[in-house]
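Biologist: I am new to this one. Could you walk me through it, step by step?

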Amino acid sequence: MWDKEMIIMLAEGTADTLYMTLVSTLFGYILGLPMGILLAVTDKEGIRPNSFIYKVLDFTANLIRSIPFLILLILVIPVTKAIVGKSYGPSGTVVPLVIAAAPFIARLVESSLKEVDHGVVEAAMSMGAGTGQIIWKVMLAEARTSLLVGVTIAIGTILGYSAMAGVVGGGGLGDIAIRYGYYRYETDVMVVTIVILVLLVQILQGLGMLLSKKLDRRRA
């Protein structure tokens, strides 16, 4: 059972899972970071309150987050095919992962920015700093440790989503667990994939937390 082919398959599944997780996290932040900044800035207690923009973004984030990932995976199949040409495999899973991750990341960013001491923001405003300067040089700079912690949380969540995609042939360790552990009743394969997934989460989150602590000590 545990021959060379099985080991190679698990190694490829691990690589595919990392690919889906890291690429989806990157594009999730490309979309989610500006969305989270706008949510924090346009809130009624933000530096540029705008109820219309906030309500639109708030509704969009809540709507997407309320859809279970497996259902979202099926709903966006036409979009996935239009972007990558197929709806299965690691690349086909990245699109729904990004769509699911972006509003989640936006909420993490919004929460981090709202933790920034309002007195620091007011001080920057009193010195004539513009909105862009306040966002980049004050809010994001002050919240960098919290933002990095949010990255580790996002990576763990997206990795879990990538495993769910195995139900519909998404590739990676989740696909191996479904095909061998569920359909072929090979429990040992499922256990190994679970162990690898747990190790990946622990390693990635451990690295993220370590980096955030180092940044926090530098700040102190």
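**A first tour**

Modeller: Gladly! Averaged over the chain, pLDDT (the predictor's confidence in each residue, from 0 to 100) is 87, and 97% of the residues score at least 70. This is a predicted model, where local features need pLDDT of at least 70 and side-chain atom pairs count only at pLDDT 80 or more, while totals for chains, interfaces and linings use all residues. Residues are numbered from 1 along each chain as its sequence is written, and side-chain values use heavy atoms, with hydrogens and water left out.

Biologist: In the chain, where is confidence highest?

Modeller: Helices here are DSSP runs (H or I, at least four residues; strands are E, at least two), numbered from the N terminus. Confidence is lowest in helix 10 (residues 187-219), with a mean of 82. The highest mean, 94, belongs to helix 2 (residues 51-65).

Biologist: How many helices and strands does the chain have?

Modeller: From the N terminus on, the elements run α-α-α-α-α-α-α-α-α-α. The count is therefore zero strands and 10 helices.

Biologist: How are the rings of Phe-69 and Tyr-161 arranged?

Modeller: Rings of Phe, Tyr and Trp (its six-membered ring) pair if their centres lie within 6.5 Å; planes under 30 degrees apart count as stacked, over 60 as edge-to-face and the rest as tilted. The structure holds one aromatic pair. Its centres are 4.9 Å apart and its planes at 5 degrees, so Phe-69 and Tyr-161 are stacked.

Biologist: How far apart in sequence are the parts that this pair ties together?

Modeller: Phe-69 is buried, at a relative accessible area of 6%, whereas Tyr-161 is partly exposed, at 24%. Phe-69 lies in helix 3 (residues 69-75) and Tyr-161 in helix 8 (residues 144-164), so the pair ties together parts whose separation in sequence is 92 residues.

Conventions. Buried means under 20% relative accessible area, exposed over 50%, partly exposed in between (1.4 Å probe, protein chains only).
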